[in-house]
Amino acid sequence: MKAVVVTKPGHHEIQERPIPKPGRGEVLIKVLACGVCHSDLGVLNAYYPGLALPRVPGHEVVGIVEALGEDVKRWKVGERVGAGWFGGNCFECRRCDRGDFITCQKGKVTGISHDGGYAEYQVQPQEALARVPDGLSNEEAAPLLCAGITVFNALRHTGALAGDVVAIQGLGGLGHLAVQFAVKMGYKTVVLGRGKEKKKHAEELGAHLYIDAKDENDPGFAKIKEWGGANVILSTAPASAMTGLIDILAVGGTLLVVAVDMDQIPGVTPLALLMKRAKVAGWPSGSASDWEDTMNFAVLTGIKPTVTKYSLKDVGQAIKDMESGKVGRAVLVPGL
């Protein structure tokens with residue numbers, strides 16, 4: 001099989017490898033599509049703690065069950081399945097006892113702990129798979145398994161009520177899905193983007209207000225304050241872009257961070273938090289049942305990612321386009 005392999009920091013290559021065999025409790029997937037996520041840069045540049053090279057990246061995987069390892073009973077050969085960031089759990093720690101598998105103390109990550117979906121075949125633990133519903137193509141389903149679940153699961157746990165003001169910072173791979181989910185959940189949805197040229201796209205996705213964050217005089221800042229501020233700001237942008245967000249939070253509002261970044265958030269002072277009873281929080285994606293919830297909600301409400309397809313040999317271009325933000329979501333299709 002062909003696979004994209006990171007052999008050293010900053011270097012990847014396409015290799016010919018034997019098709020892997022599933023072990024006990026594992027499933028072999030024939031990969032039909034795999035999204036290219038910004039988090040994959042941590043594998044491509046080898047800066048994740050504990051990462052062992054060589055490694056095949058990719059954690060937005062959709063495929064067909066090809067073979068089953070021993071003791072696998074819940075999956076059948078031929079089923080269409082998906083796998084995201086969550087790559088398995090121990091079933092023994094306190095977090096697993098509480099059913100909070102994504103925070104398992106020995107949790108695994110697809111494409112980091114074991115090889116991911118930048119390949120023609122991939123092996124995945126049976127507990128880290130979800131059924132992909134009808135109504136989504138392979139390429140549409142793949143981004144929902146990381147970008148989609150990250151924003152959907154975060155939003156539905158904020159406590160925000162229908163009609164509350166929810167602002168989405170960023171309009172890239174996560175952001176363009178977050179806007180759609182926020183609108184379908186009944187929130188008064190604001191987009192904080194960079195540049196007036198993104199306003200049309202935000203409105204096409206259903207946003208009720210667009211603010212050009214590059215322009216401190218944008219009238220949208222006055223409008224959101226007139227509404228009382230944002231009950232939730234969901235930030236899909238790097239930490240460096242979060243300066244000043246506390247200023248437009250409502251009293252009791254939450255700045256919710258979902259994008260992976262190693263930098264500190266600038267401009268968040270104790271005084272700013274105290275005076276608004278504001279909170280800064282994060283949300284770590286979710287596990288297999290959350291993937292299914294995300295995909296089923298997307299089918300129910302008509303949410304779909306904007307995707308651009310690439311073959312495995314064009315992975316370098318896919319990564320560049322993902323980093324530039326030129327595409328909603330780059331998706332590798334091994335069959336192309």
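Author: Begin with one pair of residues. This is a predicted model, and in it Val191 has Tyr210 of strand S10 as its bridge partner.

Reader: How many bridges pair strand S9 with S10, and in which sense?

Author: Strands of a sheet pair through backbone hydrogen bonds, in either a parallel or an antiparallel sense. Here S9, residues 188–193, pairs with S10 over 4 bridges, in the parallel sense.

Reader: What is the order of the strands in the sheet?

Author: The order is S10-S9-S8-S11-S12-S13, an open sheet of 6 strands with parallel pairing.

Reader: Which strands stand at the edges?

Author: Those are S10 (209–212) and S13 (279–282). Each has a single partner strand, so one side of each has no neighbour in the sheet.

Reader: Which strands does helix H6 touch?

Author: Helix H6, residues 219–226, packs on the sheet and touches S8 (165–169), S9, S10 and S11 (230–235). The direction of H6 makes about 130 degrees with that of S10.

Reader: Now a single side chain. Is Asn153 buried or exposed?

Author: The cut-off for buried is under 20% relative accessible area. Asn153 has 2%, so Asn153 is buried. This residue is found in helix H3, residues 138–156.

Reader: Which polar partners does the side chain of Asn153 have?

Author: One is the side chain of Arg156, joined to that of Asn153 by a polar contact of 2.8 Å. Another is the backbone oxygen of Ser285, which the Asn153 side chain reaches at 2.8 Å.

Reader: At what angle do H3 and H8 cross?

Author: Their axes cross at roughly 95 degrees and come within 8 Å, with H8 spanning residues 288–301. Angles of 65 to 115 degrees count as roughly perpendicular, so H3 is roughly perpendicular to H8.

Reader: Which residues make that contact?

Author: From H3 they include Leu144, Ile149, Phe152, Asn153 and Arg156. From H8 they include Asp290, Trp291, Met295 and Phe297. By class, the residues of the contact divide into 9 nonpolar, 3 polar and 3 charged.

Terms used:
Residues are numbered from 1 along each chain as its sequence is written. This is a predicted model: local features need pLDDT of at least 70, side-chain atom pairs count only at pLDDT 80 or more; totals for chains, interfaces and linings use all residues. Side-chain values use heavy atoms; hydrogens and water are left out. Two strands pair if DSSP finds at least two bridges between them. Helices (H or I, at least four residues) and strands (E, at least two) are DSSP runs, numbered from the N terminus. Contact means heavy atoms within 4.5 Å. Axes are lines fitted to C-alpha atoms, for helices over the stretch in contact, and angles run from 0 to 180 degrees between N-to-C directions. Buried means under 20% relative accessible area, exposed over 50%, partly exposed in between (1.4 Å probe, protein chains only). A polar contact is a pair of N or O atoms within 3.5 Å; within protein, one must be able to donate a hydrogen and the other to accept it, and residues adjacent in sequence count only if both atoms are side-chain atoms. Angles under 35 degrees count as roughly parallel, over 145 as roughly antiparallel, 65 to 115 as roughly perpendicular and the rest as oblique. Ala, Val, Leu, Ile, Met, Phe, Trp, Tyr, Cys and Pro count as nonpolar, Asp, Glu, Lys and Arg as charged, and the others, Gly among them, as polar.
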